[in-house]
Amino acid sequence: MEEEARVDGCGVWRTFLQIVFPLLMPVIATVAILNTLAVWNDFMTPLLFLQSRSKGVLLLEVFCNQFFQ
């Protein structure tokens, strides 16, 4: 498909935006979902297991300072 776009006169950026990028959308969505789940799990684990504030991680401390003041 890239070669067909090149034959039709598309440049590199137009080929990327109209041919390659739409084909990469499922991959981009999967990476975004997995990354979001990883960040969420990094927040929930300390929230559930760390009972004292002296052992809190940075994200947990920001959350506690923002919502529990």
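Buried means under 20% relative accessible area, exposed means over 50%, and partly exposed covers what is in between, with a 1.4 Å probe and protein chains only. The legends below use these words.

This is a predicted model, in which local features need pLDDT of at least 70, side-chain atom pairs count only at pLDDT 80 or more, and totals for chains, interfaces and linings use all residues. Residues are numbered from 1 along each chain as its sequence is written, and side-chain values use heavy atoms, with hydrogens and water left out.

**View 1. Thr-15, a buried residue of helix α2.** Let us start with Thr-15, which sits in helix α2, residues 12-49 (helices are DSSP runs of H or I with at least four residues, strands are runs of E with at least two, and both are numbered from the N terminus). Thr-15 counts as buried because its relative accessibility is 9%. A polar atom of its side chain lies 2.6 Å from the backbone oxygen of Gly-11. Setting aside neighbours within four places in sequence, Thr-15 is in contact (heavy atoms within 4.5 Å) with Glu-2, Ala-5, Cys-10 and Val-20.

**View 2. Phe-43 and the residues it touches.** Phe-43 is also part of helix α2. With a relative accessibility of 11%, Phe-43 counts as buried. Not counting residues up to four places away in sequence, Phe-43 touches Leu-59, Leu-60 and Phe-63. Phe-43 and Phe-63 are 20 residues apart in sequence, and their C-alpha atoms are 9.4 Å apart in space.

**View 3. Phe-21 in a nonpolar surface patch.** Phe-21 lies in helix α2 and counts as partly exposed, because its relative accessibility is 33%. Phe-21 is one of the residues of a nonpolar patch, which also include Val-12, Trp-13, Phe-16 and Leu-17. Together, the patch residues have about 990 Å² of accessible area (Shrake-Rupley method with a 1.4 Å probe; for residues, only the protein chains shown count as cover). Patch residues have over 30% relative accessible area and no salt bridge, with like charges joined within 9 Å and nonpolar side chains (Val, Leu, Ile, Met, Phe, Trp, Tyr) within 5 Å. A salt bridge here is a side-chain nitrogen of Lys or Arg within 4 Å of a carboxyl oxygen of Asp or Glu.

**View 4. Arg-6, an exposed residue of helix α1.** Arg-6 is found in helix α1, residues 2-8. Arg-6 counts as exposed, at 58% relative accessibility. From Arg-6 to Leu-50 there are 44 residues in sequence and 57 Å in space, C-alpha to C-alpha.

Key
A polar contact is a pair of N or O atoms within 3.5 Å; within protein, one must be able to donate a hydrogen and the other to accept it, and residues adjacent in sequence count only if both atoms are side-chain atoms.
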